[in-house]
Amino acid sequence: MATWSRTFDGFEMTVDTGKLALQAKGACVVTIGETQVLATCTSARPREGIDFFPLTVDVEERMYAAGKIPGGFFRREGRPSETAILTARLIDRPLRPTFKDGYRDDVQVVITVLSADLANPYDIPGINGAGLAVTLAGLPFDGPVAGVRVALIGGQWRVNPTYQDLELANFDVVVAGRVNDAGEVDILMVEGEAPEGTFERIAEGGPAPTEEVVAEGLEVAKRVIGGIVGFQREIVAELGVAPDTFEPRPAYSAETWGAVEAFAGPRMAAALVPAKKERDANLDALKEDLRAHLAGTWGEEAFSERAGEVSPAFKDLQKKAMRGRIVREGVRLDGRGVTDIRPLSAEVGLIPRAHGSGLFQRGETQVLNVATLGMLRMTQMIDTLDPEESKRYIHHYNFPPFSTGETGRIGSPRRREIGHGALAERALVPAIPDEDEFPYTLRLVSDVLSSNGSTSMASVCASTLSLMDAGVPIKAPVAGIAMGLIADEGQFVTLTDILGAEDALGDMDFKVAGTRDFVTALQLDTKVTGLPAAVLAGALMQAKEARLAILDVMLRTISAPRAALSAKAPRVVQIQIPIDKIGEVIGPKGKRINEIIAVTGADIDIEDDGRVFVGSRAGEGAERAVEMIEQIVNPRLPQVGERFEGTVVKTTTFGAFVNILPARDGLVHISKLGRGKRLSSVEEAVNTGDHLTVEVEDIDAAGKISLKPVGEGWDPPEGGWPKVEGEARPERRERRPGSDRGDRGRDRRERGEQRHREGGERREP
């Protein structure tokens with residue numbers, strides 16, 4: 001067992017090995033503050049016939065880490081939370097390209113969160129622990145990999161801030177990388193966002209996270225990554241760990257490559273036409289012709305032995321042709337130049353019953369986004385190791401198989417869908433109005449209808465459209481663009497608005513979202529080493545030019561949020577009541593607030609700080625509920641002669657109680673309900689729930705209110721109601737023998753008289 005500690009820019013990292021998970025191939029415990037993770041790495045022999053690297057990264061949140069008991073019926077951890085899934089993706093992305101080419105062993109990295117101090121996020125210990133565990137396992141890995149978070153706070157980039165520090169940040173970015181053989185830091189992954197409240201902090205004089213400022217933050221992160229990698233290498237050297245020998249097996253032989261290139265090379269340029277469907281069809285046809293040619297040239301038996309080499313060789317030939325044409329001629333697969341954007345279109349108001357909807361299309365990528373507004377009680381509860389317990393802005397992303405013209409599984413979202421939805425959500429978060437200004441829960445759903453590159457950034461654009469269509473007063477419209485990179489023999493060509501094939505065959509996927517003025521979210525994954533800082537900075541500026549062009553197209557469709565909220569959305573009114581009045585509004589066992597809801601049809605949410613949110617599909621219901629709540633908080637007495645539209649809330653033998661004000665009823669005596677007739681019961685005139693116009697006749701010293709019905713059918717004619725002659729008195733209820741007090745008295749008198757007579761007779765002489 002051994003322990004190492006090192007301080008980097010104000011935070012201390014501690015690494016322990018040799019104590020936990022001793023049977024794992026590589027294991028370590030990484031601690032920052034009191035946040036602690038166990039990182040393990042195991043491997044198994046490769047599966048037969050696979051042509052990809054089967055790396056799996058899992059993050060296991062243990063609720064005991066934060067002293068919590070899991071929610072739900074079973075009270076134990078179940079499927080991974082969204083935070084765990086996003087962290088697993090965050091760790092996977094820098095690890096995967098760092099393994100040696102051709103490595104096919106099954107590798108699993110598991111991050112178990114042992115302690116969470118709710119100050120230091122566990123993603124940074126997780127990235128560093130994973131990179132070190134893989135290195136300690138001796139796998140063919142060009143690591144270690146290190147990660148760091150930097151945040152723009154008060155104009156300075158702070159390293160590894162706490163959750164509390166991030167509440168003051170204008171930009172928060174996680175960067176992971178490695179140190180190459182030349183001793184330089186290669187950035188492998190970037191994930192950044194402008195947190196909620198950024199607009200307000202900028203308005204108060206804080207720095208905006210422009211492209212230039214973000215590039216400075218990446219340089220700060222690279223410096224710290226270099227120090228952490230050096231620390232990890234010291235640990236590996238002290239433990240004497242050496243990587244296992246690995247001889248990558250080529251996917252195809254030189255002979256196969258020569259044959260594929262000789263036949264398909266001259267035909268490849270003609271197959272790579274601009275239209276995706278036609279290009280895919282051409283490539284499929286060319287591949288079939290190639291197989292037939294090789295089978296005839298080599299013979300069926302030799303071809304069957306080497307058939308598995310044809311596909312990877314053909315793919316590399318396609319990659320070589322595409323990349324060569326871009327580097328030499330500046331012409332891409334679809335005929336565009338390197339900075340050209342595909343044709344753009346935007347539309348709003350597509351879905352009749354939706355609160356807001358937007359359709360954004362860029363080339364063959366098409367995303368429909370639908371916005372739904374709800375009461376604040378519809379916020380999503382979060383049961384994770386984060387301090388955040390709920391969120392009111394929710395973005396869901398769906399990627400059905402028909403979007404790529406394929407068949408496939410439809411069901412619960414995969415990790416990729418969760419990740420893309422989270423990226424689009426983060427891009428819009430700073431632009432969403434806070435709940436005091438806009439007291440709604442917002443759910444946005446992005447349905448990818450057609451995909452050919454960067455559906456996540458198309459989701460950002462479609463989200464802005466649907467929010468403005470719904471009348472949500474967003475602080476600024478947000479758009480996004482995906483950038484690519486081709487690196488060839490020291491040349492770097494940055495591509496704007498990449499296609500799906502350019503993503504798969506290129507060297508970088510760089511997504512940037514933002515307003516006209518600054519970046520709100522970015523995500524970077526690279527496959528190359530030695531990427532100069534100037535290339536990244538140039539890609540950011542190239543992305544800004546594209547983003548501004550996209551915003552112009554969007555704003556020509558809808559220039560600003562609609563002045564009025566969608567008629568189909570609920571109307572929400574916010575009022576403030578004294579905290580000591582909350583109990584009065586709710587009433588015993590919720591009776592009073594339930595009465596208000598039943599009478600008005602409104603939804604009511606009461607916060608602990610006295611804020612009350614009243615919502616209704618019809619505005620009148622919300623207004624009526626507000627009046628009733630204000631009457632409870634600031635009650636007023638009715639005046640004699642004042643009229644009210646009341647509701648009968650109770651009937652008795654002597655009259656009907658009518659509610660005229662919240663928590664205030666009055667009595668209409670039975671004698672005033674008969675219209676000149678004598679009633680045997682109140683129910684002959686009114687029943688509970690009936691609406692009745694009444695006038696206050698009297699208020700006694702105790703505050704009891706006497707009412708009389710007025711209005712059509714109730715006001716007596718001049719001279720009063722006519723008397724009805726011969727009207728029979730109401731029949732008395734039949735008395736049970738011996739149960740009436742009169743009967744009992746009469747019986748006693750008769751018995752007494754009888755005893756008196758009997759006694760007198762006995763006294764006679």
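User: Which residues line the largest cavity?
Analyst: This is a predicted model, in which local features need pLDDT of at least 70, side-chain atom pairs count only at pLDDT 80 or more, and totals for chains, interfaces and linings use all residues. Residues are numbered from 1 along each chain as its sequence is written, and side-chain values use heavy atoms, with hydrogens and water left out. A cavity is a set of points, on a 1 Å grid over the protein atoms alone, where a 1.4 Å probe fits but cannot get out, and lining residues have an atom within 4 Å of a point. The largest cavity is lined by I32, N120, P121, I124, P125, R149, N160 and P161.

User: How many residues of that lining are charged?
Analyst: Asp, Glu, Lys and Arg count as charged, Ala, Val, Leu, Ile, Met, Phe, Trp, Tyr, Cys and Pro as nonpolar, and the others, Gly among them, as polar. The lining of the largest cavity has five nonpolar residues, two polar and, as charged, one.

User: Are helices α6 and α7 roughly parallel or roughly antiparallel?
Analyst: Helix α6 (residues 254-271) packs against helix α7 (residues 276-298) at about 150 degrees, with the axes 10 Å apart. Axes are lines fitted to C-alpha atoms, for helices over the stretch in contact, and angles run from 0 to 180 degrees between N-to-C directions. Angles under 35 degrees count as roughly parallel and those over 145 as roughly antiparallel. The relation of α6 and α7 is therefore roughly antiparallel.

User: How many charged residues has the contact of α6 with α7?
Analyst: Contact means heavy atoms within 4.5 Å. Residues of α6 including F263 and R267 meet residues of α7 including D289 and W298. By class, this contact has twelve nonpolar residues, three polar and, as charged, three.

Technical notes. On a 1 Å grid over the protein atoms alone, a cavity is a set of points where a 1.4 Å probe fits but cannot get out, and a pocket is an open set with protein on both sides within 12 Å along at least five of seven lines; lining residues have an atom within 4 Å of a point. Helices (H or I, at least four residues) and strands (E, at least two) are DSSP runs, numbered from the N terminus. Angles under 35 degrees count as roughly parallel, over 145 as roughly antiparallel, 65 to 115 as roughly perpendicular and the rest as oblique.
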